[in-house]
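Subject: Structure handover and findings

Dear colleague,

Please find the structure below, with its sequence.

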Amino acid sequence: MTERPEHPGATRHGRTRAPARWTRVRLLDRWDIMGRGAASAFLGVHSGHPGFGMMALDGSVYVGASTGETGIDVLAVRDPDRSENVLRHLEWIARHDGRFSNREERERAAAWLAARSGGLPVP
């Protein structure tokens, strides 16, 4: 599955940002997800500038990529639901209610954490 914008309108750090929506896709060997594939606006902003999140259907692997000011950030996590770093980050998202926080993202993180053993209660 890949995470992609649903519709424009939400803002993050003063920039327009669409809420995330998961879409089922089949990743083929020939896909160039970091290069030419990023030009599609489905996996990035243009060739060589990826911006996506992908997760295996069984939840066993998460891969994310984003284009920063000075380079590309790539994250690959096996069993993300068991990663202490991922859990801490999701807990931070669920609790953080700052000027630039995304309410939908915060609610989704809280709900996911509440649904798993030892998670946070939904606010």
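The largest nonpolar core consists of six residues: Leu-87, Ile-93, Ala-94, Ala-109, Ala-110 and Leu-113. A nonpolar core here is a set of buried Ala, Val, Leu, Ile, Met, Phe, Trp, Tyr and Cys residues joined through side-chain atoms within 4.5 Å; buried means under 20% relative accessible area, exposed over 50% and partly exposed in between, with a 1.4 Å probe and protein chains only. Two or more residues of this core come from each of α1 (84–95) and α2 (103–115). A second, separate core has five residues, including Ile-33, Leu-43, Phe-52 and Ala-65.

Please note that this is a predicted model, in which local features need pLDDT of at least 70 and side-chain atom pairs count only at pLDDT 80 or more, while totals for chains, interfaces and linings use all residues. Residues are numbered from 1 along each chain as its sequence is written, and side-chain values use heavy atoms, with hydrogens and water left out.

The chain contains two helices and nine strands, in the order β-β-β-β-β-β-β-β-β-α-α along the sequence. Helices (H or I, at least four residues) and strands (E, at least two) are DSSP runs numbered from the N terminus. Of the 123 residues in the chain, 24% are buried.

As to the helix pair, the axes of α1 and α2 come within 8 Å and cross at roughly 130 degrees. Axes are lines fitted to C-alpha atoms, for helices over the stretch in contact, and angles run from 0 to 180 degrees between N-to-C directions.

On the α1 side, the contact is made by Leu-87, Leu-90, Glu-91, Ile-93 and Ala-94, and on the α2 side by Glu-105, Arg-106, Ala-109, Ala-110, Trp-112 and Leu-113. Contact means heavy atoms within 4.5 Å. Leaving aside residues up to four places away in sequence, Ile-93 touches Glu-105, Arg-106 and Ala-109.

Finally, Gly-71 is located in the loop between β8 (61–67) and β9 (72–78). Gly-71 counts as partly exposed because its relative accessibility is 32%. His-49 lies 22 residues from Gly-71 in sequence, and their C-alpha atoms are 8.8 Å apart in space.

Yours sincerely
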